[in-house]
Amino acid sequence: MVKLNSSSNKKIALINSFLAPVFFSLILSILIGLIFHEYSLRTFQNRADETATLIANSIAFPLWKLDTESVDYVADATMLRDEVIFFSVRVKDLDEAENVKKTKMALKKSFEEYKNDSNFVTAQAPVMFRGHSTATVQIMLTKSDVELISVMFFWKILLLTLLCSIAGLVSLKFFKKYM
């Protein structure tokens, strides 16, 4: 059996007193990061839904008057947002070629199939005019910015909690020395 001297015990105690806060910091950072990520995704989905509804409300009259040029301007303005990668206005009883559709990437699937894709957020809203649904607005946003912000937030929280743990450890050692 190996006998530990007091300097070995102090080293083990110092290592343990350092590892416990680091482990706690890591667990706390993961929990806060997951909560922030879920909140960000919910907020992003809400923003997509609100955008689709806002667009649907703003193009109701131009669609009724078949003013596709105005609808096209709204589509162009919507596509200026970095996260918007697909915009479509599907008018009932109108040929597919006459519908307004803008995209930043080639879509390999239908809009409906992207609803379950974890890389995108989709939203759609009916265009109502005089109580009747005349068309549907569909938009799709990429989650890449949300994912990047969540990862950056995680690393910031981890660094902050590690620094606080180390500062607490140093101050504890400092005060023990003078007590």
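Okay, let's start with Lys143: its relative accessibility is 15%, so it counts as buried (buried means under 20% relative accessible area with a 1.4 Å probe, protein chains only). Before I go on, this is a predicted model, where local features need pLDDT of at least 70, side-chain atom pairs count only at pLDDT 80 or more, and totals for chains, interfaces and linings use all residues. Residues are numbered from 1 along each chain as its sequence is written, and side-chain values use heavy atoms, with hydrogens and water left out.

So where does Lys143 sit? You'll find Lys143 in the loop between strand 4 (132-142) and helix 5 (144-178); helices (H or I, at least four residues) and strands (E, at least two) are DSSP runs, numbered from the N terminus. The Lys143 side chain gets to the backbone oxygen of Ser118, at 3.2 Å. Leaving aside residues up to four places away in sequence, Lys143 touches several residues, including Leu41, Phe44 and Phe120 (contact means heavy atoms within 4.5 Å).

Now over to His37, which is in helix 1 (residues 6-58). His37 is buried too, at 16% relative accessible area. Which residues does His37 touch, not counting residues up to four places away in sequence? Those are Glu147 and Ser150. With Ser150, the side chains make a polar contact of 2.9 Å (a pair of N or O atoms within 3.5 Å; within protein, one must be able to donate a hydrogen and the other to accept it, and residues adjacent in sequence count only if both atoms are side-chain atoms). His37 and Phe153 are 116 residues apart in sequence, yet their C-alpha atoms are 8.9 Å apart in space.

Key. Buried means under 20% relative accessible area, exposed over 50%, partly exposed in between (1.4 Å probe, protein chains only).
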